[in-house]
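Hi,

Here is the structure I promised to pass on.

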Amino acid sequence: MLNLRMRMRLILPTMMTLILIAHGGCATPQVTQQGLKTGYAALAKHDYPQALTAADGILQSDPAGPGAAEAYYLRGRVFQERAANVAAAGSDLQQARTAFINALALPKSDAVEGLIRAGLGDIAFKQDDYETAATQLGAASDKLQTPQEKARDLYLLGVARQRLSQWVEADRIFTQVTTQYPGSALAQQAQAHLGARQFFVDFASSGASSNDVIASLRRQGLQAMPGSGGMIRVGPASSYEQARGLKERLAAVYHNATIVP
């Protein structure tokens with residue numbers, strides 16, 4: 001027999017629908033805010049079906065109303081989080097991107113716009129679309145409300161600029177992260193990116209002699225050398241695309257190959 005908590009979760013969407021009908025199919029501000037509150041609470045608990053139900057209830061009642069942009073943002077956040085946890089990450093990333101784009105087309109506050117653009121920038125970054133990522137992350141930075149959001153947005157913007165080989169601009173942004181958020185983990189990561197002008201691929205030798213691996217790679221025409229911390233380094237690559245191709249070539253044997261910076 002279903003307990004009370006489970007019964008309430010099942011009937012809540014129906015209750016919201018009935019409230020909307022009573023108001024002529026258009027959500028009141030109170031109902032919209034309650035729907036968003038319910039959705040965010042579900043998202044915090046990783047209850048993605050309930051979060052989607054709350055967002056969709058708002059959009060179905062008033063698809064262009066005052067809460068619609070944030071409801072689309074909530075949908076985007078659901079797919080954004082799901083993409084990190086399921087095999088079908090590519091599909092979820094695209095659904096998140098679509099939701100964020102829909103949200104941008106609707107009226108919204110600056111605070112919500114900042115979150116939407118940061119979300120869209122993050123998705124574009126994960127899809128290796130660094131041009132879009134840089135554009136959206138850059139537009140989000142002044143609108144984000146918390147230091148944590150601003151720091152992450154700026155750091156990701158710096159990495160996107162770096163992967164576009166916009167080295168000087170990337171250094172400016174990384175310096176901003178290190179000076180505005182000193183002592184943070186993101187400041188330490190930004191420091192590691194500062195001054196880079198090319199990419200390398202690092203990997204461990206997987207038990208084989210590093211010297212033997214380096215000699216073998218050099219015979220294959222690759223520029224291999226000892227790296228830091230016992231790693232082997234191959235490169236340089238003048239662009240991120242070249243580095244990614246080099247990583248794919250090495251990853252067939254060395255599964256821990258990583259592009260740096």
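To start with, in which helix is Phe 79 found? Phe 79 is in helix 4, where helices are DSSP runs of H or I with at least four residues, numbered from the N terminus.

Before the rest, some housekeeping. This is a predicted model, with local features needing pLDDT of at least 70 and side-chain atom pairs counting only at pLDDT 80 or more, while totals for chains, interfaces and linings use all residues. Residues are numbered from 1 along each chain as its sequence is written, and side-chain values use heavy atoms, with hydrogens and water left out.

Back to Phe 79: it counts as buried, at 5% relative accessibility (buried is under 20% relative accessible area, exposed over 50%, partly exposed in between, with a 1.4 Å probe and protein chains only). Setting aside neighbours within four places in sequence, Phe 79 is in contact with Leu 52, Asp 92, Gln 95 and Ala 96 (contact being heavy atoms within 4.5 Å). Phe 79 and Ala 99 sit 20 residues apart in sequence, with 8.9 Å between their C-alphas.

Gln 80 also lies in helix 4, which covers residues 68–83. Gln 80 is buried, with a relative accessible area of 11%. Its side chain makes a polar contact of 2.7 Å with that of Asp 122 (a pair of N or O atoms within 3.5 Å; within protein, one must be able to donate a hydrogen and the other to accept it, and residues adjacent in sequence count only if both atoms are side-chain atoms). Not counting residues up to four places away, Gln 80 touches Ala 96, Phe 100, Gly 119, Asp 122 and Ile 123.

Then the helix packing. The axes of helix 8 (residues 147–163) and helix 9 (residues 167–180) come within 8 Å and cross at roughly 160 degrees (axes are lines fitted to C-alpha atoms over the stretch in contact, and angles run from 0 to 180 degrees between N-to-C directions). Helix 8 and helix 9 are therefore roughly antiparallel (over 145 degrees; under 35 is roughly parallel, 65 to 115 roughly perpendicular, and the rest oblique).

Helix 9 also packs with helix 10 (residues 185–193), at about 150 degrees with the axes 8 Å apart. Helix 9 and helix 10 are therefore roughly antiparallel too. In this pair, Asp 171, Phe 174, Val 177 and Thr 178 of helix 9 meet Leu 186, Ala 187, Ala 190, Gln 191 and His 193 of helix 10.

Cheers

Methods. Helix = DSSP H or I, 4+ residues; strand = E, 2+ residues; numbered from the N terminus.
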